[in-house]
Amino acid sequence: MPPNPTEAVLRVVLPLPLPRAFDYLPPEGHAIDPGTVGCRVRVPFGTRELVGFVDAIGPPDSDAPEVRRAIAVLDREPLLHGEMLATLRWTARYYQAPLGEVVATAMPASLRNGDALPETCVFGWVLTEAGRTGIAGLRRGTRTRALADRIAASPVEEAALDDGLDGWRVAARALARRGYAERVALAPAPGAGPAASVAVLNPAQRAAADAAIAAHGSFQPLLLEGVTGSGKTEVYLEAIADCIARGRQALVLVPEIGLTPQMLRRFRARLGFAVHVLHSGLADGERARAWTAMARGEGRVLVGTRSAIFTPLPDAGLIVVDEEHDASYKQQDGVRYHARDLALVRAKALAVPVVLGSATPSLESLQHAIAGRYLHLQLRRRAAEAAPPVVRVVDMRKRVLEGGLSKDAIDAIAATLERGEQVLVFRNRRGYAPVLLCHDCGWSARCARCDAASKGMAMTVHGNGRTLLCHHCGARRPAPRACPDCGGLALHPQGEGTERIEEALAARFPGATLLRIDRGTTRHRDALEKHFADIGDRPGILVGTQMLAKGHDLPNLTLVCVVGVDEGLFSADFRAPEKLAQLLVQVSGRAGRAGKPGQVLLQTHHPDHPLLATLLGGGYPAFAALELAQREAAAFPPYGYLALLRAEAPREDALREFLADAKAAFEPGDAAVAIHGPLPAPMPRRAGRMRAQLHLHSVKRPALQAALAAWMPRLYELKSQRKARWSLDVDPVELA
Ligand code: ADP
Ligand code: ZN
Ligand code: ZN
């Protein structure tokens, strides 16, 4: 239908990688008013129907050939508005991402798909009339009976049952089947209110909490730098309790792996409130419920992972980012936002304090603190009478090893088990061995679809030597019995992955409880929790990758053995030293958390490497000072700003053509903006696709932003862009 010049149209952004809005006439009989902006709308698109979001209303574009009619406006009032909408627009501009994709990233799946807003009331369970009569017939000592007793007098909230009664859901279903119990909606209870802190804050904690509390009502970033176990969480809780007491909402971001039931129990116990939770492991309905409860101002506290940063907070009072250095805050595909950075943007727009906590702050945040832009609060000592762990370097040169472990490590493990305590053996390499090598001719198993340094990537040996797996593309094949090159039988796995270390430990300590934790054994957060629950406080050995570096608190863990970090010492990525230092400090911090002295053994072939020497001599602060000086000399972040255009294509010529065109289309606009490349990606071929990059660099952030904003529309217009897969990453945390 031709546009009627008097009828306004809806400018709708759609969940598509297209940086533009589409015009639609309002649904039949729907009067447009400014309140339509921010509502979801169902529209025809090609032969499909999509749920979009009304970005603006305006006069029809006179050149538009045909404007279709929207099917339905899905919200009576805007779902996104005010600060949240402004932040989403900012996100789209800053990360050069289409607004429609940003909105889709921001909303829980069910809302993105057009579902109605869910009920936000809290649910609880209570016995029915029949249940109260029948309860006497239930056998004592069973879970079912325990639940029945608990809910006999009045309804109990599900969150409260979660805290006290393991497996209550199964019992509840059993009671419901007999007509004994029912699920009821409860009025959002004010809760018991904050309980007093379990511990009296020590002076450093008190000062930190007071600083956050004093900043109430104004934008103020605070960097809380506190060694592991120094009581940062108590500081957050104190500040959150104050925020709630003032009738405001608090948002707490935690890393993917940090959100443990143990942590949530601690929050609930201290705050006395139904803490809402948002993470990728929840069912769609649960996520929508938490989001909506906060958006309606009913929810008081939200604890969530990365995407929780996109939750509307009409009564915002405080934002906390725990483990602010954690890489999981950066989204690595789609809209490549950084949740910690967005926390700063939102705190400013909302005029609230934002607490960034870490034992190993990112160099970005440290630099802000040093420059005086953030308040720098330090907790230098562990809170609970726990001494810092003693770290010892074990020089591996010319040592005889047992499954990758030195004699020192084996002896220390034996002594620790002897004392009835736990050991963590850390190795950041899953699988059995990193390489399968022929000792006769030097052949090694390589992936046919992935290359680095003009050589195929080594395939990792898994399954006790039976399988080869490429960790980069997932290719899998059986390990050959004989060398494909020389036919010899001298094929041997080289080096150690977690599987092989586990095997060696099982042989050496046959009676000990042994638990391996890596992506092979532990795909889900729940599985990780279950592993920890299984081992409890019993003596034993945990072997694993960086999944073990944080999360659940293990009070009986007193020895940490770090097996082989040497790969990380020689990486080409400029952030590799920072990541390695953070990992070493974090994993070491797991030793000796509850009053028992902790010990860390660090095995290396490079005991004199400057990174290790600095870290051991002066701790993370000394390392950070040195590293910041090097970043400054190179004008790398946080002293310069980067963006990366990544591209890949099945064919080299298509890739080269696109990147040449893209480079030609770039106008720096400012002498301070530079473009470098095309450069091969650190892995120039992955899963059979060729990969290369353009690097954009500037010491002036606004100049880089302006150049990127002018560049993006030109990229979409390039003919060669259709033959390549590409994406722009602003402030990349990985150059791979
Ligand atoms: P972080 O978050 O810095 O790693 P936590 O807040 O988890 O540290 O505290 C570490 C341990 O010390 C916890 O067991 C906690 O209960 C305890 N703790 C924290 N603050 C105090 C305090 N002021 N007095 C005694 N124990 C404390
Ligand atoms: Zn051979
Ligand atoms: Zn591969």
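Visitor: With which side chain does the side chain of Asp729 make a polar contact at 2.9 Å?

Guide: This is a predicted model, and in it the side chain of Asp729 makes that polar contact with the side chain of Lys330. The side chain of Asp729 also makes a polar contact with the side chain of Arg646, at 3.0 Å.

Visitor: Where does Asp729 lie, and is Asp729 buried or exposed?

Guide: Asp729 lies in strand β33, which spans residues 725-730. Because buried means under 20% relative accessible area, Asp729 counts as buried, its relative accessibility being 0%.

Visitor: Let us turn to the metal sites. Which residues coordinate the zinc ion that is ligand 2?

Guide: The zinc ion (ligand 2) is coordinated through the SG atoms of Cys438, Cys441, Cys483 and Cys486, at 2.2 to 2.4 Å. Along the chain these donors follow the spacing C-x2-C-x41-C-x2-C.

Visitor: Why is the arrangement around the zinc ion (ligand 2) called tetrahedral?

Guide: The general idea is that ideal angles at a metal are 109.5 degrees for four tetrahedral donors. Here the four donor atoms around the zinc ion (ligand 2) subtend angles of 107 to 112 degrees, and the arrangement is therefore tetrahedral.

Visitor: What should I read from the site of the zinc ion that is ligand 3?

Guide: The zinc ion (ligand 3) is coordinated by the SG atoms of Cys447, Cys450, Cys470 and Cys473, at 2.3 to 2.4 Å. The site is tetrahedral, with angles of 106 to 113 degrees among its four donor atoms, and in sequence the donor residues are spaced C-x2-C-x19-C-x2-C. Cys447 lies in strand β20 (residues 446-452) and Cys473 in the loop between β23 (467-469) and β24 (476-478), so this pair ties together parts that are 26 residues apart in sequence. Cys447 itself counts as buried, at 4% relative accessibility.

Visitor: Now for the other ligand. Which residues come nearest to ligand 1?

Guide: Of the 17 residues around ligand 1, those that come nearest are Val200, Gln205, Lys232, Thr233 and Arg266. By class, the shell around ligand 1 holds six nonpolar, seven polar and four charged residues, and helix α9 (residues 232-245) gives the most to this shell, with three residues.

Visitor: What are the distances from Gln205, Gly229 and Thr233 to atoms of ligand 1?

Guide: A polar atom in the side chain of Gln205 lies 2.7 Å from a nitrogen atom of ligand 1, and an N or O atom in the side chain of Thr233 is 2.7 Å from an oxygen atom of ligand 1. For Gly229 a backbone N or O atom is involved, and this atom lies 2.9 Å from an oxygen atom of ligand 1. As for cover, the protein takes up 78% of the 560 Å² of accessible area that ligand 1 has on its own.

Visitor: What is the phi of Glu323, and what is the phi of Ala635?

Guide: Glu323 has a positive phi of about 50 degrees although it is not a glycine, and Ala635, also not a glycine, has a positive phi of about 55 degrees. Glu323 lies in the loop between β14 (316-321) and α12 (339-350), and is buried, with a relative accessible area of 14%. Ala635 lies in the loop between α19 and β30, where Pro638 is also found.

Terms used: Residues numbered from 1 in each chain as written. Chains lettered and ligands numbered in written order. Predicted model: local features only at pLDDT ≥ 70, side-chain atom pairs only at ≥ 80, totals over all residues. Heavy atoms only, no water. Donors = N, O, S within 2.8 Å, 3.2 Å for Na, K, Ca; no water. Tetrahedral: all angles 85-135°; square planar, octahedral: opposite > 155°, others 65-115°. Near = heavy atom within 4 Å. Polar contact = N/O pair within 3.5 Å; in protein donor to acceptor, adjacent residues only side chain to side chain. Areas by Shrake-Rupley, 256 points an atom, 1.4 Å probe, with all protein chains shown as cover. Helix = DSSP H or I, 4+ residues; strand = E, 2+ residues; numbered from the N terminus. Nonpolar A, V, L, I, M, F, W, Y, C, P; charged D, E, K, R; others polar. Buried < 20%, exposed > 50% of the residue type's maximum accessible area, 1.4 Å probe, protein only.
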